[in-house]
2 protein chains.
Amino acid sequence: MLRKTFCAALLAATTFASFSAAPASATPTQGSGVAWDIVEGLTTEIGPRLAGSEAEARARDWAQARLRALGFSDVSVEEFKTLAWQRGEEHARLTAPYRQPLAITALGFSVPTPAQGLKGELVYFPTLAALEAAPEGSLKGKIAFVDHAMRPTQDGSGYGPYGDVRRKGPTIASQKGAAGIVIRSAGTDSHRNPHTGATVFAKDVKPIPAGAVSNPDADLIARIASRGKPMSIDLKLMGKPFPDAPSGNVVAELPGRDPSLPIILLACHLDSWDLGTGAIDDASGCGIITAAALAAQKDGQTLRTIRVLWSGNEEMGITGGGGDHYVKVHGSEPHAVAMESDFGADKVWQLKTTFAQANAELVDKVKAALWPLGIVPHDGPTEGGADVAPIIAHQKLAVIDLGQDGMHYFDLHHTPDDTLDKVDPIALQQNVDAWTAVLKVIANTPEPIASVSAAEGGE
Amino acid sequence: MLRKTFCAALLAATTFASFSAAPASATPTQGSGVAWDIVEGLTTEIGPRLAGSEAEARARDWAQARLRALGFSDVSVEEFKTLAWQRGEEHARLTAPYRQPLAITALGFSVPTPAQGLKGELVYFPTLAALEAAPEGSLKGKIAFVDHAMRPTQDGSGYGPYGDVRRKGPTIASQKGAAGIVIRSAGTDSHRNPHTGATVFAKDVKPIPAGAVSNPDADLIARIASRGKPMSIDLKLMGKPFPDAPSGNVVAELPGRDPSLPIILLACHLDSWDLGTGAIDDASGCGIITAAALAAQKDGQTLRTIRVLWSGNEEMGITGGGGDHYVKVHGSEPHAVAMESDFGADKVWQLKTTFAQANAELVDKVKAALWPLGIVPHDGPTEGGADVAPIIAHQKLAVIDLGQDGMHYFDLHHTPDDTLDKVDPIALQQNVDAWTAVLKVIANTPEPIASVSAAEGGE
C-alpha cells in the first residue's frame, strides 16, 4: 500500500502542529536498576562483540570499569588466545526453477566460498536424518539444503536435537561430498533474520561453506522443492576462521565474611554474536548475576565470597573458551557452587539442582525462598552451562539451575533481533530476585555443599 | 547461549532415529482456494517484483496465465513506461560516540551516496516538526536523523501523519542543507528489518540520499542521542532512479448478463517492494478480488460485468502509475463502482461507502450482507486507493471500502518480512467472503449507482 491514506495524511497535516509537540517516545521498554543498566549500557555503548574482535576487547574495558564502579573488588581481566572467526560478505539467491533472493547468514567456522560465488544444484533434505541417510558421494559438487524445523519448548530442550542441524549438518554434508550446505535456521521465529551460531567440522572432514536461511526462506525452499523441479543456488559466504585471536575473562568479587569457605561462582558471557547487540545473549545474564550478587549483600556481607565471571568467547569456545580458561587460572581454588545465567531475560520458572542428599535441608531452604516467585522445583539432570561446565566437571561441583522460560528465546537467539527492546524489565528483575533469593541461602551457610556426582564418586 | 543444552543434545542424539521419521512441517500456514493459490503462487514462483523490473514483467505473464486458467475473458496487458528506481548496495554504521552497525534500507527515489560512503555528523530530531523547525542552512554538510515513532491503528490512519516522515522528510532535510537523511522506519514492529517505500522530492529541491533504519536501530540512536555526545555516521546507499522503465496493468473480465450496464471495477496491484515477496502488499489483494469475482458468479452470471485490474507500479507510481494508466485506456468506459484491496490479508472489520442518498436502500442491502461477517458500518470519508483513485476522481465514482484490520499491517509493510507465512488463510477467506457478499448485491442491481460527490455536483 502506498497512497491509501494519502488524503488522510494531507488532512492530518493541517493539524500537524497540534501533535508535533507530543514526545516521540522512542524506546518501547524502560527499565532501571543494576541489571537493566548493564544490559542497556553494553548494548548501547558496545553493541556486537564477537569473540576475538576489537569490540570484545572494548567490552572487557567497559566491564572492568562498570564492576569497579559498582563496588566489586579484585576486578581483573584474564586474557587468553582463541580460534576465532570473521564474518564476510554474504548473500544467496535461488536461480532455478524460480529466481528468488534469500536471507542468509554464514555459520561460525564456515569456510569461504569462491569470491565469485558457489553455484550448483540445491538438494532438499527434510531432516538431518535424511541427510545422514544419503549415499556416500551422492552430493558431489552439490549443495545440501536441510530443513529440520524447530519448535519452541519452555525449557529450551528443542535446541539439542534441532540445533544439531547446525552443529553436525555441515560435517555430514561434507562427508557426503557436498560443496556447501544451507540449513533452515535453528530458530523459532518467522522473520527474515537468519540465525547464526558455530558449527564444528569433525577432524577428518574437509570444511565447507555453511549458511543458514531464515524460516520464511526455508518455507519458500520447501514449497519450491515440493513442486518437484530441480533447484539451483548461487551462494556467496566470505566468512572465515582465524587463529590466535585475543579474548579474555573479566572476574570480580564481593568478599564474604569468611574467606576460608569455598566461594560461590556466578557466570555469564561477555561476548556476543555479531548480528545483534547481544541483549538476551548474554548481556542479560551479566546484568542478572551482577545485580543479584550486590543485592545479596545489601543488608551486609554474605558469609561466603561471591565471584562473578563475565566470560570471554563463549559463543565460539568449542575448542577452548572462557570457561576452559577459568579452570586453568582458578581450577585449584575451592568452589562451593557454580551457577550461570545464559538463556535470555524471560522469567525463571523452574529450579533444578544437583546437590548431594546430605544437603537436602539446604535444598529445601532454596525451594522455600523461590516459592513466592512462582518457581517450580523439577527433577532431572542439569549441567550448568558452557561458562561453568568446565569448573563443574573439574571439581564435581554442585549446580543450581534457575531455568528461564524458553518459549521465545529461540525467536531471537543469534539473530540481528537480539536487541535491548526484547528485554522486559519486569521479567529481568524477577530473575534478579530469584538469584538473590538463592544467594541469600547458599552464600550464608557454612554447611559443606557437595554434588550428587561428588557424593556418589565418594570424594 | 551456545552449549547450555549441548549435553542434552548428545543424550537426544541417541534417540534421534525415533523422531527423525516425523515430518518436518515447513510451512506454518496452509491454505487452499483461489485467493490462497494466487498469493502462494505469486510469492513462490515470482517473489519480489519491483515496478519497472524484469521480475514485474514475469509477474504480468504469470498473472495473464492464471487469469485465463481461472476462466476470465479479455485478459490483456496494458503496458506503460514509468519512472522507476533500482536498489543498490546499502549499509550504515555509527562511528561516534560508539561504533555500531545499523540495519538500513534506502527509500525509493533516494539518490546514491558517493561510492566510498557519506560520512558526517548525525543530527537527532525527535519529530518531523522538529526537523521543519530547524533554521535554514543549519544542516549544511550534516545528516539528519528523524525519529517519529509510529504506533498501530486499526484503520491504518497512523500511516498518514507518521508516513510523512518518509514522504516529506527527505525534501525538508534537503531544504535545510542536509547532505543526507536517515529516518526511523514508518513501521510498527520491533525487528531489524527496515521499511522501505517511496519518497518524493519537491521540484525545487536537490534530491539527497535517504534511508530508513529499523525500529530497534532507531531506539539505539535515540538512546545514544540522549547521552548528549555528538554522533557521526558512515552511510552508503547506492540505489538510484531511472526513467522509462516498462510496467503494465493486467486487466480481465467476467462478463455480466447485461453488457450495457456500467461495470464493477475491482483492483489490486501486482508490483511489490523488492525486500519481501509482496504477500500482504499486495498479492493478497489480487487473490481476494479475483476469488470474490469468481465466487459472485458461482451460481450464474452476475447482471453487471466484473472487471479486475491487477495494477502495475502502484508502489512508485506517484508520478504516474497503473491507476493513472487505467484512466488513459478506460476513462471513457462507463463504471458503476470501483473498489480496491490493498491493505493486507487481515479480516475486514468496517464498511465505508460514498454512495449517493438515492442509493440508500442499496447501501442497506450491502450492510445486511455484511452483518453476518461482523463488519461494522462507519461514516466518514473514503477515497478508494491508489489503483482506483484516478478513475474514481475522473468519473466521480461511488466507492465501497471494506476496511481491513490494520493493527499488524505496518509490522510487515515494505519489509523483508512481507512473506507468505504472514497470511492467515482463515482471515484471507473472510475477505473473499466479504467481497463476494458485496458483489452479489451491487453486481446484480440494475439500479443506477451514483456517488455523494457526483450527486452533490449535480451531474
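**Close-up views of a predicted model**

**View 1. The disulfide of chain B.** B:Cys268 and B:Cys286 are joined as a disulfide (a pair of cysteine sulfur atoms within 2.5 Å), with their sulfur atoms 2.1 Å apart. The torsion about this S-S bond is about 95°, so the disulfide is right-handed. B:Cys268 sits in strand β11 (residues 263-269) of chain B and B:Cys286 in helix α9 (residues 279-296) of chain B, so the pair ties together parts 18 residues apart in sequence. Helices (H or I, at least four residues) and strands (E, at least two) are DSSP runs, numbered from the N terminus.

This is a predicted model, in which local features need pLDDT of at least 70, side-chain atom pairs count only at pLDDT 80 or more, and totals for chains, interfaces and linings use all residues. Residues are numbered from 1 along each chain as its sequence is written, chains are lettered from A and ligands numbered from 1 in the order in which they are written, and side-chain values use heavy atoms, leaving out hydrogens and water.

View 2. B:Cys268 has 0% relative accessibility and so counts as buried (under 20% relative accessible area, with exposed over 50% and partly exposed in between; 1.4 Å probe, protein chains only). B:Cys286, at 0% relative accessibility, also counts as buried.

**View 3. The disulfide of chain A.** Here A:Cys268 and A:Cys286 form a disulfide, with 2.1 Å between their sulfur atoms. The S-S torsion of about 95° makes this disulfide right-handed. A:Cys268 and A:Cys286 are both buried. Over all chains, a search of the whole structure finds two disulfides.
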